[in-house]
Amino acid sequence: MSGTPFEGTPFEQIAQLDRLIHEPARLAILVALAACERADFLFLQRITGLTKGNLSAHLSRLQEAGLVEIEKRFVDKKSQTLARLSRPGREAVASYWREMAALQQSATRWRPATPAVAKPAPSVS
Amino acid sequence: MNPLSPQDLDRIRFVTRHFHDLQGLRSKVPMGLLCLVLGLLSLANEHVYVPSPGLALLALALLVAGAGASWWMARWARSYYTSRFGEVERREVNPLGPWGRRGAVVLALTLVLFLFTLPSPEALTRAYCLIGGAWACGLWVRRGSRLCQAHYLGFGVLALGLAAPVRALDSLVLLLSKNVGLFLAVGCFLVVTGLLDHLVLVRTLRQLAPEPRAQPSVAPSEARR
């Protein structure tokens, strides 16, 4: 996870963004989990529009990275999978939004470097 | 997944944060229906000049039926929302803090004491309208001042307008100061806002996930990108 301040052009800054969070499906999952204490698999599926397999793979990836905690329980003899954002996960999401805000500011300020004007060739008389 | 727009992220945040509040069929509509039944019974009570045990029994049966229907609807809606949209445990964030909470309690007690000093039922009704209107407008602001929640703003402005000391509104305020008017007004408010909240929830989720697509599940290697 990148927590260092950005340097270079906005394009280089985009390349430095945390790909684990910046991926659209995972970002949608993390945004949803950041807005609640925990949510179940069905809600995440409904709100992100992902298939079961996709959502499961993304959640596994986030769990491996320590951003999300998964809990399984039985309610009325049916299994229920609940996901919650871990403390490092909340910090990572907050840090991501700070980086995005900084990126937006630097992109607004950024001007392309003017190309060097070629010197005219000396005239041969 | 399609590219996410900032509006999509905003919708996800809004629906997740207010998932329970937007479940209008779960509490608002049943309570509103109960209020409407009470209002209609009060109306019937005002117009029946010869009380009889049969009519009283009928009114009681209607009241029990209304309460039963509301209870059944609340239970049905709970299982409907859980099975269709899943479950969310809300994050308890108290914007007031401990001192803010104490201040709110003191303010509420002062308000109650003030309400007892009001001279007439009309003045009390205007005070209720003022409190209700401020609450509805505050709810609209708390939910992000969104257009989709503008029904709270509409009801709030209407209630605040009724609270204004305008002579032309006296007859309406007088109607609201009776049980019939109060129950019917509160019932209509709860039913309309409940139904609109439910529509907002369903429509927003449909916008975020248009329809269940039969797409093959992604390979784990792709998800690991």
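Analyst: Asp197(B) is buried, its relative accessible area being 0%. This is a predicted model, in which local features need pLDDT of at least 70, side-chain atom pairs count only at pLDDT 80 or more, and totals for chains, interfaces and linings use all residues. Residues are numbered from 1 along each chain as its sequence is written, chains are lettered from A and ligands numbered from 1 in the order written, and side-chain values use heavy atoms, leaving out hydrogens and water.

User: Why is Asp197(B) called buried?

Analyst: Buried means under 20% relative accessible area, exposed over 50%, partly exposed in between (1.4 Å probe, protein chains only). Asp197(B) has 0%, so the buried label applies. Arg143(B), with 4%, is buried too.

User: What makes Arg143(B) and Asp197(B) a salt bridge?

Analyst: The term needs a side-chain nitrogen of Lys or Arg within 4 Å of a carboxyl oxygen of Asp or Glu. Here the N to O distance is 3.5 Å, so the pair qualifies. Arg143(B) sits in the loop between α5 (121-142) and α6 (150-163), Asp197(B) in helix α8 (residues 179-208), 54 residues apart. Helices (H or I, at least four residues) and strands (E, at least two) are DSSP runs, numbered from the N terminus.

User: How do you know that Arg38(A) and Glu71(A) form a salt bridge?

Analyst: Their closest N and O atoms are 2.5 Å apart, so the pair meets the cut-off.

User: What makes β1(A) and β1(B) a pair?

Analyst: Two strands pair if DSSP finds at least two bridges between them. β1(A) and β1(B) have two, so they pair, and they run antiparallel. In one of these contacts between strands, Ala39(A) has Val88(B) as its bridge partner.

User: What is the strand order in the open sheet?

Analyst: Four strands run in the order β2(A)-β3(A)-β1(A)-β1(B), with antiparallel pairing.

User: Why do β2 of chain A and β1 of chain B stand at the edges?

Analyst: Each has a single partner strand, so one side of each is left without a neighbour in the sheet.
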